[in-house]
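I opened this notebook to keep a record of what I looked up, one entry for each topic. The entries follow the order in which I went through them.

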Amino acid sequence: IKLGETEFSEAEIVSRLYRSHLPETIGTLVMAHGGPVGQTEVRFNHRIVYYTSIGIDVLVPDFRGSSGHGAEFFRSLVGGWGVVDLADVRWAINELRRNGTLGSEVVTMGGSAGGYLSLLAAQDPEIAIDGAIAVSPVIDLNATAESTHRFEASYTDILVGPRPEFHLERARRSPSFNPGSLRCPILVIQGERDEVVPADVATKFIDASRATGKVAKFLLLEGEGHSWKLESSLTRETSAIVGFLRDDCKWGL
């Protein structure tokens with residue numbers, strides 16, 4: 001993978017597939033963790049449990065930068081955020097389809113940095129997916145660099161490039177850079193009081209996407225921040241996602 005003068009080598013990635021509890025699988029959610037250098041821990045995950053219970057497989061890829069696979073794997077995202085992690089998700093989907101592990105019905109999903117990756121997949125011409133779900137997503141890397149809390153404020157400097165020299169490169173790697181390039185319907189779910197990725201960034205992206213004729217659904221959760229505190233918010237999230245998969249992605253739910 002080459003980006004400018006920088007070359008990112010290939011790496012082995014680990015993906016876990018949680019199978020549907022029903023005899024027939026409706027489709028596969030490719031669920032990207034946040035962080036972006038986090039991981040989907042092997043423990044109880046209420047989203048995975050729910051979606052597998054209604055007939056959906058869940059694929060969890062630990063792309064480059066994921067913690068839990070050693071320092072070299074962790075550092076391999078430096079300079080390559082939005083490039084190497086997307087390449088790993090692309091490879092996982094396409095390879096698992098090729099060998100018959102996945103069917104044709106695939107939707108990406110993620111929160112925060114995982115939502116960023118899900119939206120990038122929706123704009124990638126080399127990934128054929130039915131839709132993308134982004135919860136509290138990073139949409140504009142430059143805006144995130146200015147607004148997020150202190151301990152993540154330098155993420156874009158390290159994982160993309162320092163300010164101000166890499167301002168344009170960060171813009172190019174942002175879903176907001178070209179909303180007209182969406183290749184499938186999207187659903188964005190956002191907390192009204194999110195201080196990590198402000199809600200106005202999401203609303204501008206949704207408006208810009210709709211202006212180009214794209215299907216861009218949006219759910220704003222009043223009073224919520226970067227994650228949900230209210231049980232009613234989780235219920236609304238789940239209802240919106242199931243409706244999106246059924247109505248916009250044409251899954252048999």
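**Entry 1: Ser136 and its surroundings**

I began with Ser136, which, leaving aside its neighbours within four places in sequence, is in contact with Ser112, Ile189, Gln190, Gly191, Asp194, Val197, Gly225, His226 and Trp228, contact meaning heavy atoms within 4.5 Å. I noted at once that this is a predicted model, in which local features need pLDDT of at least 70 and side-chain atom pairs count only at pLDDT 80 or more, while totals for chains, interfaces and linings use all residues. Residues are numbered from 1 along each chain as its sequence is written, and side-chain values use heavy atoms, with hydrogens and water left out.

I placed Ser136 in the loop between β7 and α5 (141-147), where helices (H or I, at least four residues) and strands (E, at least two) are DSSP runs numbered from the N terminus. Its relative accessible area is 1%, so Ser136 is buried; the classes are buried under 20% relative accessible area, exposed over 50% and partly exposed in between, with a 1.4 Å probe and protein chains only. I also looked up the pair Ser136 and Arg98, which are 38 residues apart in sequence and 32 Å apart in space, C-alpha to C-alpha.

**Entry 2: backbone exceptions**

Most residues other than glycine have a negative phi, and most peptide bonds are trans. Ser112, one of the contacts of Ser136, has a positive phi of about 60° although it is not a glycine. I found Ser112 in the loop between β6 (106-111) and α4, and it counts as buried because its relative accessibility is 17%.

Lys250 is not a glycine either, and its phi is positive at about 65°. Lys250 lies in the segment after α9 and is exposed, with a relative accessible area of 66%. I then checked the peptide bond that joins Gly35 and Pro36, which is cis with omega about 0°; Pro36 sits in the loop between β4 and α1.

Which residues does Gly110 contact, once its neighbours within four places in sequence are set aside? They are Ala32, Gly115, Ser118, Ile133, Ala134 and Val135. Gly110 is in strand β6 and counts as buried at 5% relative accessibility. Gly110 and Ala32 are 78 residues apart in sequence, yet 4.8 Å apart in space, C-alpha to C-alpha.

Turning to α4, I found that 10 of its 10 residues are buried, so the helix is largely enclosed by the rest of the structure. Among the buried residues of α4 are Gly115 and Ser118, both of which are in contact with Gly110.

**Entry 3: two helix pairs**

I recorded that α3 and α4 pack at an angle of about 65°, with their axes 10 Å apart; axes are lines fitted to C-alpha atoms, for helices over the stretch in contact, and angles run from 0 to 180 degrees between N-to-C directions. In this pair Asp85, Leu86 and Val89 of α3 meet Leu117, Leu120 and Ala121 of α4. By class, the contact of α3 with α4 has 5 nonpolar, no polar and 1 charged residues.

Helix α1 (residues 46-53) and helix α9 (residues 231-247) pack at about 40°, with their axes 13 Å apart. His46, Arg47, Tyr50 and Tyr51 in α1 meet Leu234, Glu237, Thr238, Ile241 and Val242 in α9. By class, the contact of α1 with α9 has 5 nonpolar, 2 polar and 2 charged residues.

**Entry 4: the nonpolar cores**

In soluble globular proteins, nonpolar side chains tend to be buried together. Here the largest nonpolar core has 41 residues, of which Trp81, Ile93, Ile129 and Ile186 touch the most other members; such a core is a set of buried Ala, Val, Leu, Ile, Met, Phe, Trp, Tyr and Cys residues joined through side-chain atoms within 4.5 Å. The elements that give two or more residues to this core include α3 (84-98), β8 (186-191) and α8 (199-211), and α4 gives the most, with 7 residues.

Technical notes: Ala, Val, Leu, Ile, Met, Phe, Trp, Tyr, Cys and Pro count as nonpolar, Asp, Glu, Lys and Arg as charged, and the others, Gly among them, as polar.
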